[in-house]
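Here is a quick tour of the model below, going from the core to a pocket and then to a few loop residues. Keep the 3D view open while you read.

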Amino acid sequence: NNIPNTVVSIDDNAFKGSTFLTLLTFDSNVDSKLETIGASAFQSCSSLGSIVLPSTLTSLGASAFQSCTSSKFAVTFAPGSVITLIEASTFASSGLKSIAIPLSVASISNNTFQNCASLTTVQVSCKSTITIVDTAFDGCTALIAVYLPVVSTYTGSITRQALSCCGKGEYSKTGDSTTVCS
């Protein structure tokens with residue numbers, strides 16, 4: 001399904017349970033006007049594959065992609081993303097394997113990635129001051145550590161690896177000192 005670039009909002013429960021939905025694209029990602037994806041909008045779309053969320057997105061509703069269980073399910077935020085909050089259970093029990101959190105995200109809510117059994121990598125910008133609620137990764141059995149910048153906040157049960165940031169906005173090669181920046 002192609003979402004036209006004139007769409008500003010996708011309603012709550014809009015595609016919930018649509019097991020036939022395998023592809024989701026946003027017409028002209030650069031010119032997209034999409035600001036809101038409602039709560040449970042794509043929940044239980046068990047065949048949904050890879051999607052790129054437009055940079056104009058400001059609100060991603062609770063449980064928006066919960067139980068999107070396809071092994072091909074992947075989410076990328078377009079460059080220049082302005083979203084600031086990822087709501088509760090947004091990706092819970094989904095097939096996500098990895099995700100890069102945009103610099104604009106200030107907070108990740110309760111159970112956002114709960115029971116994402118295949119989730120191994122969560123990348124947060126080293127310039128981020130993000131706050132991640134302690135239950136965000138509950139049940140993520142494949143996630144060994146959360147790699148975060150020193151100034152971020154997370155007190156959950158997954159091992160926190162605080163990393164230093166280099167001037168170019170990249171993590172240092174050793175993770176613990178800006179003296180190893182290239």
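## The nonpolar core

In this predicted model, the largest nonpolar core is made up of 44 residues. Ile-37, Phe-65, Phe-113 and Phe-137 have the most contacts inside that core. Five strands each put in at least two of the core residues: strand 5 (50-53), strand 7 (74-77), strand 9 (98-101), strand 11 (121-124) and strand 13 (145-149). As general background, nonpolar side chains in soluble globular proteins tend to be buried together.

Who does Ile-37 touch, leaving out residues up to four places away in sequence? Its partners are Ile-10, Phe-26, Phe-42, Leu-53, Leu-57, Ser-59, Leu-60, Gly-61, Ala-64 and Phe-65.

## The largest pocket

The largest pocket holds about 200 Å³ of space. It is lined by 15 residues, and Ala-100, Ile-101, Pro-102, Leu-103 and Ser-125 are the closest to its centre.

Strand 9 and strand 11 each bring at least two residues to the lining.

## Two buried serines in loops

Ser-94 sits in the loop between strand 8 (85-86) and strand 9. Is Ser-94 buried or exposed? It counts as buried because its relative accessibility is 5%, and the cut-off for buried is under 20%. A polar atom of the Ser-94 side chain lies 2.8 Å from the backbone oxygen of Phe-91. Leaving out residues up to four places away in sequence, Ser-94 touches Phe-65, Ser-67, Cys-68, Phe-73 and Cys-116.

Ser-55 is in the loop between strand 5 and strand 6 (59-60). With a relative accessibility of 18%, Ser-55 counts as buried too. Again not counting residues up to four places away in sequence, Ser-55 touches Ala-78, Pro-79, Gly-80, Ser-81 and Val-82.

Most residues other than glycine have a negative phi. Asn-13 is not a glycine, yet its phi is positive, at about 65°. You'll find Asn-13 in the loop between strand 2 (9-10) and strand 3 (25-26), and at 42% relative accessibility it counts as partly exposed.

Ser-67, one of the contacts of Ser-94, also has a positive phi, near 65°. Ser-67 lies in the loop between strand 6 and strand 7. Its relative accessibility is 22%, so Ser-67 counts as partly exposed.

Notes:
Residues numbered from 1 in each chain as written. Predicted model: local features only at pLDDT ≥ 70, side-chain atom pairs only at ≥ 80, totals over all residues. Heavy atoms only, no water. Core = buried A, V, L, I, M, F, W, Y, C linked by side-chain atoms within 4.5 Å. Buried < 20%, exposed > 50% of the residue type's maximum accessible area, 1.4 Å probe, protein only. Helix = DSSP H or I, 4+ residues; strand = E, 2+ residues; numbered from the N terminus. Contact = heavy atoms within 4.5 Å. Polar contact = N/O pair within 3.5 Å; in protein donor to acceptor, adjacent residues only side chain to side chain. 1 Å grid on protein atoms, 1.4 Å probe; cavity = no way out; pocket = protein on both sides within 12 Å on 5 of 7 lines; lining within 4 Å. Points joined across faces, edges and corners; volume = space filled by probe spheres on them.
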